[in-house]
Amino acid sequence: MLTSTVIGDTNIVMAAYDGALTEPEVTVARERLADVIAQHGKARMLVEYGDVDFGKMEPRAVWEDLKSAGLMRDVEKAAVLTDTRWVKALSKATGAVAPTDIQVYDTRQRAEALSWLQS
């Protein structure tokens with residue numbers, strides 16, 4: 001499941017992924033991010049990865065997620081929370097080439113990640 005919310009009156013979008021991934025969930029998350037960018041000009045993201053199970057991802061969900069890549073130019077910071085080594089490695093590699101400043105944190109470092117996003 002992918003859930004997404006916006007922190008109060010900020011430009012921080014929180015997204016949490018765990019288990020299955022469906023096209024409607026990805027569409028809602030992308031629209032929420034686009035709305036924050038339209039309101040604030042830029043967005044920041046807190047993304048938390050739980051159990052990543054490729055067998056539970058709808059193909060249409062993956063396609064919809066790929067369509068979100070164009071929004072990343074308007075995401076100035078992204079904090080990734082995960083305890084999974086390969087997700088950490090992939091996030092760090094993405095941060096090296098993405099137009100977004102990406103920092104990776106263990107899930108127990110949520111407060112530090114939010115502090116960095118708000119700075």
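Q: Which residues is Trp 86 in contact with, leaving aside its neighbours within four places in sequence?
A: This is a predicted model, and in it Trp 86 is in contact with Val 52 and Phe 54, once neighbours within four places in sequence are left aside.

Q: And where is the place of Trp 86?
A: Trp 86 is in helix α3.

Q: What span should helix α3 have, and how far apart are its end C-alpha atoms?
A: Helix α3 takes in residues 85-97, so at 1.5 Å a residue its 13 residues should span 18 Å. Its end C-alpha atoms are 19 Å apart, which agrees.

Q: OK, which residues in α3 are buried?
A: Val 87, Lys 88 and Ser 91 are buried in α3. They cover an arc of only 100° around the axis, so they sit on the same side of α3.

Q: What about the other side of α3, which residues are exposed there?
A: On that other side, Arg 85, Ala 96 and Val 97 are exposed.

Q: And what covers the buried residues of α3?
A: The cover includes β3 (43-57), β4 (75-81) and β5 (101-105).

Q: Switching to the core: how many residues are in the largest nonpolar core, and which have the most contacts inside it?
A: The largest nonpolar core has 13 residues, and those with the most contacts inside it are Val 13, Leu 33, Ile 37, Ala 43, Met 45, Val 75 and Ala 78. At least two residues of this core come from each of α1 (23-40), β3, β4 and β5.

Q: What does Ala 78 touch, not counting residues up to four places away in sequence?
A: Ala 78 touches Met 45, Thr 100, Asp 101, Ile 102, Gln 103, Trp 116 and Leu 117, with that exclusion applied.

Q: What other core lies apart from the largest one?
A: Another core of ten residues lies apart from it, and Leu 2, Ala 15, Tyr 17 and Met 57 are among them.

Q: Last topic, pockets. How much space lies in the largest pocket?
A: About 1,100 Å³. Its lining has 32 residues, of which Val 47, Tyr 49, Asp 65, Ser 68 and Met 72 lie nearest its centre.

Q: Which element gives the most to the lining of the largest pocket?
A: β3 does, with six residues. Elements that each supply at least two residues of that lining include β2 (12-21), α2 (59-67) and α3.

Notes
Residues are numbered from 1 along each chain as its sequence is written. This is a predicted model: local features need pLDDT of at least 70, side-chain atom pairs count only at pLDDT 80 or more; totals for chains, interfaces and linings use all residues. Side-chain values use heavy atoms; hydrogens and water are left out. Helices (H or I, at least four residues) and strands (E, at least two) are DSSP runs, numbered from the N terminus. The expected span of a helix is 1.5 Å times one less than its number of residues. Buried means under 20% relative accessible area, exposed over 50%, partly exposed in between (1.4 Å probe, protein chains only). The arc is that of the directions from the helix axis to the C-beta atoms. Contact means heavy atoms within 4.5 Å. A nonpolar core is a set of buried Ala, Val, Leu, Ile, Met, Phe, Trp, Tyr and Cys residues joined through side-chain atoms within 4.5 Å. On a 1 Å grid over the protein atoms alone, a cavity is a set of points where a 1.4 Å probe fits but cannot get out, and a pocket is an open set with protein on both sides within 12 Å along at least five of seven lines; lining residues have an atom within 4 Å of a point. Grid points are joined across faces, edges and corners, and a volume is the space filled by probe spheres set on the points.
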